[in-house]
There are 2 protein chains.
Amino acid sequence: MHTIESTTGLRERKKRRTREALVRCAQELFALQGYEGTTVDEIAAAADVSQRTFFRYFAGKEDVALAVQRMIESHILAAVCARPAAEPPLTALRSAVVECWDGIGEAIESVVPLELYVRTYRMIQETPQLLAAHLRRLAELEDRLTDEIARREGLPAEDPRPRILVAAFSGVMREVGKRWGDLLDGDMEGFRQRTAAYLDQIGPALAENWRS
Amino acid sequence: MHTIESTTGLRERKKRRTREALVRCAQELFALQGYEGTTVDEIAAAADVSQRTFFRYFAGKEDVALAVQRMIESHILAAVCARPAAEPPLTALRSAVVECWDGIGEAIESVVPLELYVRTYRMIQETPQLLAAHLRRLAELEDRLTDEIARREGLPAEDPRPRILVAAFSGVMREVGKRWGDLLDGDMEGFRQRTAAYLDQIGPALAENWRS
DNA sequence: GAGATTATGGCAGCCGCTGACACTCGACAA
DNA sequence: TTGTCGAGTGTCAGCGGCTGCCATAATCTC
């Protein structure tokens, strides 16, 4: 039962453990006393390192709060890139996001309990500073997804259609995510169905007239 | 030639002038030495007030950098709300944004020179912290636009179609805005045409298959 | 094991931001 | 005009996020 850890040096293993300890301690403290109510010194002390060391692992307090989000984003991007080239763009996005959800759940659990993460997610939506940083990252993810769609379809970078499609897709995912945070439970299956249902509304939403 | 100023008290006029002086000084300093290279103390000193007073006018350094953006956002929202109820949703958004552009140009010029604002706009795109705050505000604008569209169409808040439409629209506007910043000139007419052309791509972008 | 490399801690300091308090000056009535 | 009231301002002290610098301690390489 040799994992990757046993093959790497002691140094890297220690770094990895320190990093994960910081993420876990941070999320626990955030859950207890809120984001602004928690100082970096407290997080560092809880993980038993100096404040200076904290800033060697994370660019800032925001960064540690969004650490898990970053993982999720890279999972989604990878899943889209893995879709067969024959699929139409929207189908690829939809399939990727629906399929990779289980993997994401596991990836989260390997760092923090799912329930704790849900609390963090809600905190991100409610804290202006964190929401801003989160949206900026999502914009970056949109850029990458746009590039990937354009590549799949063999389109030049000037073609606006990939960007528009990704924007609509991303808007739907933001909305779905918001509702997931409200639910507070980790009901993955129900969430997947809701995601699919919302994505099916993209076509109708752009119809000329909804009243007919 | 009595303007609004002459009808309000001296006190309010002074406040207004101080606020605008802070915005103008801030933008000039940002243009000269960048966002991070400019301290709040410098801005306050340039506007001849204390640092403490600066923070009575603006919630933070971000806030003064995005002051003009906020004006633009409220213009757009107002323009959408003013569209006749008979127009289909996307038409209303498109018409509003195309039509209100001149008014926005004038509103900007009344506070800072247009050329200086263009520099500020580029700075926002390039400075992570500012971009994040900007995107958060755009998300709020999306919320308001979504509500307005749902209201116009008489739809319940759960219907995802307004949100999706606004997301696609907003994605297009972000992209157009990005290119406007790159151009660096204040060519409003060309910009309006480009906006219209991009918005016309929303339909095609959602087609099942682009290759046909 | 010696030396090179890398992670860590402690310190000093800048900057964004806030609360508390005193002061100035415009607003408004007597 | 004058006196009072309150809004706007400046000053000061202080917290918390964040960084550069240097010394120390841990790991890696040979």
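Predicted model: local features only at pLDDT ≥ 70, side-chain atom pairs only at ≥ 80, totals over all residues.
Who does the packing? Ala21(B), Leu22(B), Val23(B), Cys25(B), Ala26(B), Gln27(B), Leu29(B) and Phe30(B) are the buried residues in H2(B).

Just past the end of H2(B), Gly34(B) has a positive phi of about 85°.

Now over to chain A, which splits into domain 1 (4-63) and domain 2 (66-204). Domain 1 of chain A puts eleven residues into the contact, and domain 2 of chain A puts in 16 residues. Here are some values for this pair of domains.

| Domain 1 of chain A with domain 2 of chain A | Value |
|---|---|
| Distance between centres (C-alpha atoms) | 26 Å |
| Area buried between them | about 1,300 Å² |
| Share of that area on carbon and sulfur atoms | 58% |

Gln27(A), Tyr35(A) and Glu62(A) supply 46% of the area that domain 1 of chain A buries against domain 2 of chain A, more than any other three residues.

There are two salt bridges between the domains of chain A, and seven residue pairs are in polar contact across that interface. On the domain 1 side, helix H2 (10-33) and helix H5 (61-65) of chain A are the elements that give two or more residues. H2(A) gives the most, with six residues.

Conventions
Residues numbered from 1 in each chain as written. Chains lettered and ligands numbered in written order. Heavy atoms only, no water. Buried < 20%, exposed > 50% of the residue type's maximum accessible area, 1.4 Å probe, protein only. Helix = DSSP H or I, 4+ residues; strand = E, 2+ residues; numbered from the N terminus. Domains from an automatic or database assignment. Contact = heavy atoms within 4.5 Å. Buried area = accessible area lost by both parts, 1.4 Å probe. Salt bridge = Lys/Arg side-chain N within 4 Å of Asp/Glu carboxyl O. Polar contact = N/O pair within 3.5 Å; in protein donor to acceptor, adjacent residues only side chain to side chain.
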